[in-house]
Amino acid sequence: AVLERNQQEFQHVVQYMNRMEASQGNNNNDAVNPLFQATSIWGEGDKIALPPSVLQTLSETDSMSSPSGAPLTFRIGLLRPDYVFPASQALKTMMDTAPVDDDLMTIEDDEDEDETNDAKNEKNQTQAQSPYLQELAHRYISYTHATVVEFTQEEGHVGLPKPIASALLDPDNQTSDIPRVDIAVTRTMDPAGETSSMKPIDMETEDPVEDDAPLSAVTENEEKTPGHLAWGAFDIPSAAIEVTLVRLPRGTECTLNPTQDAVRHGFHQLKDVKLVLEQSLIRTRATLSVGDTVSTWHRGTEFELRVSAVTPSEFRSVICINTDLEVDIGPVLGEGDESDESPQPNERPSSEPSSSPFAPGTGYTLSGSTTLNHEFQTKEVTPMADAALILLAEPPLDQRTDVCAVQIRGDGATGKRRFDVTVGTLQDLFAFCVTIVSSHHDRFRLVTRFPRRVLELSETNRHTTLADAGIAAGQEVFMMEKIE
């Protein structure tokens with residue numbers, strides 16, 4: 001009887017966790033092979049690269065479709081090596097008190113409830129999800145969320161851009177009430193370089209590069225095409241990484257805290273933070289998770305901000321595209337520390353009113369209307385823009401026919417990518433362009449010089465193949481021309 005009772009208690013918490021996973025859209029637990037080894041890839045945002053088999057599995061399990069055209073989103077977690085389910089005190093207590101009120105675990109979807117019931121349901125959701133989030137904190141050393149750029153990784157590997165790798169390695173993203181873990185790191189090594197016993201040579205000094213020198217210095221001029229392997233460019237976790245398909249809610253609010261470096265570089269003096277955030281975030285990110293550090297750029301200067309809160313807050317992560325997102329600029333990280341009492345360069349004293357309409361504590365909306373006096377208005381993101389978030393995989397290296405190597409130049413940036421002209425579409429080509437420069441697809445056209453040809457993306461031609469658009473196998477160079 002005791003054994004049967006223990007089994008019932010265990011099954012109770014298993015069913016609870018399955019229900020919470022299902023509330024995030026994870027109904028196909030085997031849709032993604034959960035364990036991967038990390039490799040480093042180029043990219044400024046939250047777009048990872050997965051093996052082709054994952055795309056095939058997602059298609060076979062009908063997991064590719066998502067409500068309202070939302071992108072595929074994944075939870076990226078660094079597994080604790082000693083994790084045993086259940087590990088959190090909340091789930092252990094749930095086992096001891098089983099059965100519990102089933103209504104507490106039900107995620108309500110009825111949009112016709114009045115405000116009182118909505119508030120009650122929101123409270124019930126928060127209570128129901130708390131043990132789930134506590135268990136995730138024990139399951140993972142750290143975790144964040146991402147979307148996918150392409151399905152071209154070697155089997156058993158997941159490509160991580162630097163922002164995702166940094167989020168997983170950041171000790172501040174580990175739960176404070178659980179002993180911190182020293183995360184072992186590695187770097188993705190170029191197989192060609194590993195086969196050589198000679199040290200690489202610095203071409204300027206002609207001196208050997210030491211083993212502990214950043215490998216990225218050797219490949220400084222390498223084209224940083226999003227999704228391509230970044231040999232030795234930055235640290236990545238060496239432990240196993242679990243990738244889980246989830247469905248995140250669309251964000252309505254978030255709070256971003258600028259770092260002290262961002263303030264030193266003049267973040268509070270920016271005249272149009274809204275434009276800076278839109279050009280950087282919408283171009284590079286589809287998700288925002290609490291603890292993520294996001295980068296924005298203005299005239300070659302990088303400003304880093306940390307995500308400290310999101311709404312809805314049930315899963316501490318939201319989708320930030322194709323939605324009206326109210327952004328609040330919070331206080332500077334660490335400004336309460338004793339070491340930071342003196343004013344920083346370019347930082348206004350608190351008694352002086354800031355000329356920026358986006359001073360700390362103020363809010364504004366991305367991808368929507370705003371009551372602030374700004375001429376710049378972001379166009380509403382369309383389903384066509386959503387579809388451009390996933391890059392078409394390049395054809396196999398041994399494919400010799402119907403392949404065109406396309407080079408894009410514009411706004412001081414360049415990129416090169418191979419396309420099968422019979423498969424790739426104009427939408428795929430423009431999606432690649434958007435990853436290169438800070439611009440929406442409807443703000444530029446592609447042109448060739450001699451003879452001059454012009455390509456513009458529209459709703460009527462976005463599915464036109466590159467071959468039908470006049471792009472033949474071989475090589476093409478396109479210049480990005482702004483549309484005034």
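This is a predicted model: local features need pLDDT of at least 70, side-chain atom pairs count only at pLDDT 80 or more; totals for chains, interfaces and linings use all residues.
I then asked which ring pairs with F315. The partner is Y132: the ring centres lie 6.1 Å apart and the planes stand at 90°, so I recorded the pair as edge-to-face. Y132 belongs to helix α4 (residues 115–139), whereas F315 sits in the loop between β12 (301–311) and β13 (317–319), so the pair ties together parts 183 residues apart in sequence. Y132 is buried as well, at 0% relative accessibility.

I searched the whole structure for aromatic pairs and noted six. One of them joins F10 and F85, edge-to-face, at 5.7 Å centre to centre with 80° between the planes. F10 is in helix α1 (residues 2–23) and F85 in the loop between β3 and α3 (89–96), 75 residues apart. F10 is partly exposed at 32%, and F85 is partly exposed at 24%.

I turned next to the nonpolar cores. The largest holds 28 residues, and L50, F74, I76, L160 and I241 have the most contacts inside it. Elements that each supply at least two of its residues include β1 (35–40), α2 (52–60) and β8 (241–246). I listed the contacts of I76, leaving out residues up to four places away in sequence; among them are I48, Y143, L160, I164 and I241. A second, separate core of 25 residues includes L391, F430, L466 and M480.

My last entry concerns T39, which lies in strand β1.

Technical notes
Residues are numbered from 1 along each chain as its sequence is written. Side-chain values use heavy atoms; hydrogens and water are left out. A nonpolar core is a set of buried Ala, Val, Leu, Ile, Met, Phe, Trp, Tyr and Cys residues joined through side-chain atoms within 4.5 Å. Buried means under 20% relative accessible area, exposed over 50%, partly exposed in between (1.4 Å probe, protein chains only). Helices (H or I, at least four residues) and strands (E, at least two) are DSSP runs, numbered from the N terminus. Contact means heavy atoms within 4.5 Å. Rings of Phe, Tyr and Trp (its six-membered ring) pair if their centres lie within 6.5 Å; planes under 30 degrees apart count as stacked, over 60 as edge-to-face and the rest as tilted.
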